[in-house]
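Please read it alongside the sequence and coordinates shown here.

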Amino acid sequence: MQYEEKYDVVIVGAGPGGLRCAEILGNGGKKVLIVERNELIGPKVCAGGLTRKAIEYLHGIGMPKDIVENEFDGIVFRKGRFKTRINFGETFLYTISRKNLGQWQLQKLCKMQNVTVAVGTSVTEITKEYVVLNGSDKIQYDFLVGADGSNSIVRRFLGIATKRFGIGYQYMVPSLQKSFKDVEIVFDSKSFHSWYAWIFPYTNSASIGTGYAPLIMSAKKSRKKFKQWIDKEKISIKNIQIEAHPMNGDYRGYRFGNTFLVGDAAGALSGFTGEGIYQSLIFGEEVANIILDHNHENKKIDEVLHEKKVQEVLLLLVMLSGPFRNLVFYVVILVVKIPWCGRTLLRVLS
């Protein structure tokens, strides 16, 4: 691929945040290079769950409705034999295809002559003035945007350690094996500590997964406990490959001189809910607007960070509850039976 010697902006990572950032910068007349190490843009290990605010945002920027796979007007919370279904009275939760989302965003960039997309390309060196691609191509930039996920090379270049992170993993179970109708959140302190297991139904399959924090639980113990729960649920994972991904919720800032961090690279992901697509889109949009206008007020990022802080306080309370954690979960299941309590909790989480 032939590159120019210099671009106004180099974006590392073509996830939702990087693609949204490139779109706005391209429309603003900037010459942009977006670099993606994978050959295909879009697919990622992800439960693919979105709340209403995320869908409204995506539809607001033109996303076709067929990218949404499933819609839900309720959610099920479970703890042991206790079970509560919160009915929203309207569609509130969605599952989407990450591949289709990424390809739709990419199509918009392909119409822009001032935006170059390089797939199958790795950033092998970063300095304050240039990046090196695949060990040979030296590209200068005015601004650098790291939108390259939880293992961000741009974050490492900035010297920002990631101390608080988690690992999420899932099995994509065919719907033919078992009918999955509702989004389900399953609490069990002995199995999942401060977190939970999830069931996110798609059209022809369902994401069955959980997560853990390495500082609290080992990978071996988490896998063992999760397998025991899956067997108890009578879900077969025979011949189904496990999919795992890191989750960075260790936010340390997003602007560092002429370098920015977006989404998971910035640690914007919610450690409590695991939601990250919406945060990535907002960070990508706002970073682009700041590059285009240095006086831009980043109110949307402030709102995302406020929600993140509230959720982190809730997570900390659950973690500190120790031997009373299961009691807390039982109380949650019982309290959300009261409609206004359930809806209040969902507003806080989503």
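An open sheet of 7 strands, with mixed pairing, runs in the order S6-S5-S13-S14-S15-S12-S16. The model is predicted, so local features require pLDDT of at least 70 and side-chain atom pairs count only at pLDDT 80 or more, while totals for chains, interfaces and linings use all residues. Residues are numbered from 1 along each chain as its sequence is written, and side-chain values use heavy atoms, with hydrogens and water left out.

**Sheet**

- The edges of this sheet are strand S6 (82-87) and strand S16 (243-248), each of which pairs on one side only.
- On average, neighbouring strands of the sheet are turned by 20° against each other, direction ignored.
- Helices (H or I, at least four residues) and strands (E, at least two) are DSSP runs, numbered from the N terminus; two strands pair if DSSP finds at least two bridges between them.
- Strand S5 (residues 74-79) pairs with S6 in the antiparallel sense over 6 bridges.
- Val 76 has Arg 85 as its bridge partner in S6.
- In general, the strands of a sheet pair through backbone hydrogen bonds, either parallel or antiparallel.

**Helix H9 on the sheet**

- Helix H9 (residues 325-335) lies across S5, S6 and strand S13 (183-187), and runs at about 145° to S5.
- Axes are lines fitted to C-alpha atoms, for helices over the stretch in contact (heavy atoms within 4.5 Å), and angles run from 0 to 180 degrees between N-to-C directions.
- Arg 325, Asn 326, Phe 329 and Ile 333 of H9 are buried, where buried means under 20% relative accessible area, exposed over 50% and partly exposed in between (1.4 Å probe, protein chains only).
- The buried residues of H9 line one face of the helix, because they fall within an arc of 100° when seen down its axis; the arc is that of the directions from the helix axis to the C-beta atoms.
- The cover over the buried residues of H9 includes S5, S6, S13, helix H5 (189-192) and helix H8 (299-320).

**Cavity and pocket**

- On a 1 Å grid over the protein atoms alone, a cavity is a set of points where a 1.4 Å probe fits but cannot get out, and a pocket is an open set with protein on both sides within 12 Å along at least five of seven lines; lining residues have an atom within 4 Å of a point.
- Grid points are joined across faces, edges and corners, and a volume is the space filled by probe spheres set on the points.
- By this rule there is 1 cavity of 30 Å³ or more, and the largest cavity has a volume of about 80 Å³.
- Its lining comprises 12 residues, with Lys 53, Gln 279, Val 304, Glu 307 and Gln 311 nearest the centre.
- H8 gives the most to the lining of the largest cavity, with 4 residues.
- The second largest pocket holds about 560 Å³ of space; among its 26 lining residues, Phe 165, Ala 213, Gly 271, Leu 315 and Met 319 are the closest to its centre.
- H8 also gives the most to the lining of this second largest pocket, with 5 residues.

**Positive phi**

- Most residues other than glycine have a negative phi.
- Asn 134 has a positive phi near 50°, sits in the loop between strand S10 (130-133) and strand S11 (137-146), and is partly exposed at 43% relative accessibility.
- Lys 234 has a positive phi of about 60°, lies in the loop between helix H6 (219-232) and S16, and is exposed with a relative accessible area of 72%.
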